[in-house]
Amino acid sequence: MTSKDAVSHMSLALEEAKAAADRGEVPVGAVILAADGRILAAAGNRTRELNDPTAHAEILAIRAACRELKDERLVGCSLYVTLEPCPMCATAISFARVKRLYYAASDPKGGGIEQGPRIFSQPTCHHTPEIYPGIGDLEASALLKGFFEQRRS
C-alpha cells in the first residue's frame with residue numbers, strides 16, 4: 001500500500017469524523033478495509049446519539065465489518081481512525097485480529113497505544129497489529145481542537 005492510498009483512506013475516516021461533529025459527537029471517524037482493499041465499514045462516534053459509552057467509531061466499524069464478513073475476526077483487514085484508539089478500542093482491535101492500524105492524531109489524555117496503558121505492549125495482549133501513526137494528524141488534530149474550542153465558548 002502506498003502512502004497516497006493511506007492518505008486517501010484516512011480522508012474517508014476524516015469525513016466520518018466531520019459527520020460525527022455535525023451530530024454533536026466528538027469528531028472521531030473510522031474506516032475498515034478488507035485485505036483486497038474493499039471498504040467493509042465506515043463509522044463515526046455515536047456515544048451521545050445511542051446513549052452508549054462503547055459506541056466509539058472503531059467499535060461501530062469493527063461490529064459492521066464483522067457482520068459484513070460474517071466472522072468475529074478481521075484477519076487481513078486494515079483500520080483507519082482519526083484519533084489514537086483508547087484502551088477499550090485498542091483491546092477490541094486486538095481481539096478482532098486487525099492486521100494494520102493507521103491513526104491520525106495522538107491522544108495524550110485518552111490514548112491506549114502510545115499513551116496510557118499501551119495495550120499492545122501488555123503481556124496479556126493476544127494480537128498486535130502493525131501500527132502506522134500520524135497519517136493526516138494535522139487535519140484530525142485541527143478538527144478535534146476546533147470542536148472542543150467551540151464547545152467551551
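This is a predicted model: local features need pLDDT of at least 70, side-chain atom pairs count only at pLDDT 80 or more; totals for chains, interfaces and linings use all residues.
Biologist: How many aromatic pairs does a search of the whole structure find?
Modeller: Searching the whole structure for aromatic pairs gives a total of 3.
One of them joins Tyr80 and Tyr102, with ring centres 4.3 Å apart and planes at 0 degrees, so this pair is stacked. Coming back to the total, the number of aromatic pairs is 3.

Biologist: How many residues apart in sequence are the parts that Tyr80 and Tyr102 tie together?
Modeller: Tyr80 belongs to strand E3 (residues 78-83), and Tyr102 to strand E4 (residues 100-105). The pair therefore ties together parts whose separation in sequence, in residues, is 22.

Biologist: What is the angle between the planes of Phe147 and Phe148?
Modeller: These two form an aromatic pair, 5.2 Å centre to centre. Edge-to-face needs planes over 60 degrees apart, and this pair is edge-to-face, with an angle of 80 degrees.

Biologist: Which side chain of opposite charge is nearest to Asp107?
Modeller: Asp107 sits in the loop between E4 and strand E5 (130-133). Asp107 is buried yet has no salt bridge. At 7.9 Å, the nearest side chain of opposite charge is Lys109.

Key. Residues are numbered from 1 along each chain as its sequence is written. Side-chain values use heavy atoms; hydrogens and water are left out. Rings of Phe, Tyr and Trp (its six-membered ring) pair if their centres lie within 6.5 Å; planes under 30 degrees apart count as stacked, over 60 as edge-to-face and the rest as tilted. Helices (H or I, at least four residues) and strands (E, at least two) are DSSP runs, numbered from the N terminus. Buried means under 20% relative accessible area, exposed over 50%, partly exposed in between (1.4 Å probe, protein chains only). Lys and Arg count as positive and Asp and Glu as negative; His and the chain ends are not counted. A salt bridge is a side-chain nitrogen of Lys or Arg within 4 Å of a carboxyl oxygen of Asp or Glu.
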